[in-house]
Amino acid sequence: MRHAHTVETVRAAERTLMPRLPPGTLMQRAAAGLAAACGALMHGAYSRRVVVLAGSGDNGGDALYAAARLARRGAGVTAVLLNPDKAHPGGLAALRRAGGRTLAPEDAAPAIADAHLVMDGIVGIGGRGGLRPQAAQLARAARESHATVVAVDLPSGIDPDTGETPGEAVHADATVTFGTYKPGLLIDPAAEHAGALRLIDIGLGPYLPAPALEALQHADVAALLPSPSGESDKYRRGVVGVVAGSERYPGAAVLAVSGALRGGAGAVRYVGPGAAAVIARYPETLVSSGPPSKAGRVQAWVVGPGLGDDRAARQAVTEVLGSDVPVLVDADGLRLADRDQIRRRTAATVLTPHAGEAAALLSVDRADVEAARLAHVKRLAESYDATVLLKGSTTLVAGQGHPVRVNPTGTAWLSTAGSGDVLSGLTGSLLAAGLAARDAASVGAYLHGLAGREAPVPFGAHELADRIPRVWRSVHPRT
């Protein structure tokens, strides 16, 4: 599992560790890892042209020490000093001893255009706000060049704790980060600036508290996937109820059921006006035209996709939320659900809004949610006392008392009509199979994202569910 920590906790860990080590050890560990990563990206350092954009402070020092190592291996290194009087003295001296040269920012354009690799050491985790004009100009020159751009610890200009980009920021092809991941490296819009991530262990691990953010990997998901035993039957494996679809949107019912059938539960009960369409596509579904309370026993409910907003829809949402089993609320159900009823529930509740729906629930603009996804998903989880899966370019899962989870899988091709209906059914089925709300939402998003990667593009939502068994087995081959 990837763990990300805030600047405050990273600084505290550094303060605890540094007195136990010889002076400068942490910076040398970071510089060694950074130099090795850059060398690998260039397939060796000899005869390569490297430009370092070096700001003041430790981030610039990391970059300068790493550049000195590359220079000693035969690279031609040029350091562009944004603030020469405040450049890290030790790093600058090391670079000059290794044969590196320095340039003023106004003279840097030709060197950047001719570089194989540009190292972004402008600002580190202490930076706030977008890049200043001179730094922004250098960042644009690096992006427009043919060089590989490597960010030191994080792309300069992003917010390390929130993933926000309040102004211009470096666009890196790769980011070499130290000690632990920073939340901003994993959350859009900042994550789009980070490129491929590499973590360098500098010894902070034992001194770091619980993370602010975490991302599941294959092994974590494999450990959570439900697996039937020899004594399992359809009821022991869990039954998920799906209340979805309407005369106007019967396809939503079909898509939600398709996801539910592939989420590990033993049976799917469908309630709603789309029964004929559901049975035609999935004859194994147990259908009911009556209210949810008359459908039979379930271990979890999914309510909302394509439901509409008529009286019957409102009654169905209210009835499902009144049950004593876990409930996932999506799409139209989010508009119809009463917040106070959700807060009174004793069983788990999962809300799955996209940015527009989250904005409506919080009475803010959609752009605000997209610019500060982490803050808004946490606010939603607190406001509703529920687990919230905020869909989008980076899907986040938040629940009270736990680190926020960010989904590392997915593709922009998933932004297609009905994709969220499949995700709701899949996640609801995982709830019925016995996963906790936070785990069901995280695993559902992970598998859904992998299915999107596997599907031939462009694809429709109806193709996603058929890909889930394949990606399930890729995560857990012994299933």
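## Ser156 and its surroundings

Setting aside neighbours within four places in sequence, Ser156 is in contact (heavy atoms within 4.5 Å) with Asp120, Ile122, Val123, Leu131, Ala169 and Val170. This is a predicted model, in which local features need pLDDT of at least 70 and side-chain atom pairs count only at pLDDT 80 or more, while totals for chains, interfaces and linings use all residues. Residues are numbered from 1 along each chain as its sequence is written, and side-chain values use heavy atoms, with hydrogens and water left out.

Ser156 sits in the loop between β6 (148-152) and β7 (174-178). Strands here are DSSP runs of E with at least two residues, helices are runs of H or I with at least four, and both are numbered from the N terminus. With a relative accessible area of 1%, Ser156 is buried; buried means under 20% relative accessible area, exposed means over 50%, and partly exposed lies in between, for a 1.4 Å probe and protein chains only. The side chain of Ser156 also makes a polar contact with the side chain of Asp120, at 2.7 Å. A polar contact is a pair of N or O atoms within 3.5 Å; within protein, one must be able to donate a hydrogen and the other to accept it, and residues adjacent in sequence count only if both atoms are side-chain atoms.

## The annotated binding site

An unreviewed UniProt entry places the feature "binding site" at Asn59, Asp120 and Ser156. UniProt positions are given in the numbering used here, feature names are shortened, and annotations may be inferred rather than shown by experiment. The three positions are spread over 98 residues of sequence but cluster in space, with a largest C-alpha distance of 9.8 Å.

Asn59 belongs to helix α3 (residues 58-72) and is buried, at a relative accessible area of 6%. Apart from neighbours within four places in sequence, Asn59 is in contact with Asp120, Gly121, Ile122, Val123, Gly124, Val152 and Asp153. One of these, Asp153, is found in the loop between β6 and β7 and is buried, with a relative accessible area of 8%.

## Backbone geometry

Most residues other than glycine have a negative phi, and most peptide bonds are trans. Asp153 has a positive phi near 75° and is not a glycine. Asp385 also has a positive phi, of about 50°, although it is not a glycine. Asp385 lies in the loop between α15 (373-384) and β16 and is partly exposed, with a relative accessible area of 42%.

Two cis peptide bonds can be described. The bond from Asp188 to Pro189 is cis, with omega near 10°, and Pro189 is in the loop between β7 and β8. Val457 and Pro458 are likewise joined by a cis peptide bond, with omega about -10°, and Pro458 lies in the loop between α17 and α18.

## The α17 and α18 pair

The axes of helix α17 (residues 437-454) and helix α18 (residues 464-475) come within 8 Å and cross at roughly 110°. Axes are lines fitted to C-alpha atoms, for helices over the stretch in contact, and angles run from 0 to 180 degrees between N-to-C directions. The two helices α17 and α18 are therefore roughly perpendicular to each other, a label for angles of 65 to 115 degrees; angles under 35 count as roughly parallel, over 145 as roughly antiparallel, and the rest as oblique.

On the α17 side the contact is made by Tyr446, Leu447, His448, Leu450, Ala451, Gly452 and Glu454, and on the α18 side by Leu464, Arg467, Ile468, Arg470, Val471, Trp472 and Val475. By class, the contact of α17 with α18 has nine nonpolar, two polar and three charged residues. Ala, Val, Leu, Ile, Met, Phe, Trp, Tyr, Cys and Pro count as nonpolar, Asp, Glu, Lys and Arg as charged, and the others, Gly among them, as polar.

Lys391 lies in the loop between β16 (387-390) and β17 (396-398) and is buried, with a relative accessible area of 13%. The side chain of Lys391 makes a polar contact with the side chain of Asp330, at 3.2 Å. Leaving aside neighbours within four places in sequence, Lys391 is in contact with Asp330, Thr352, Pro353, His354, Ala355, Arg373, Gly420 and Leu423.

Ala191 is in the loop between β7 and β8 (196-200) and is buried, with a relative accessible area of 17%. Not counting residues up to four places away in sequence, Ala191 touches Gly184, Leu185 and Leu186.
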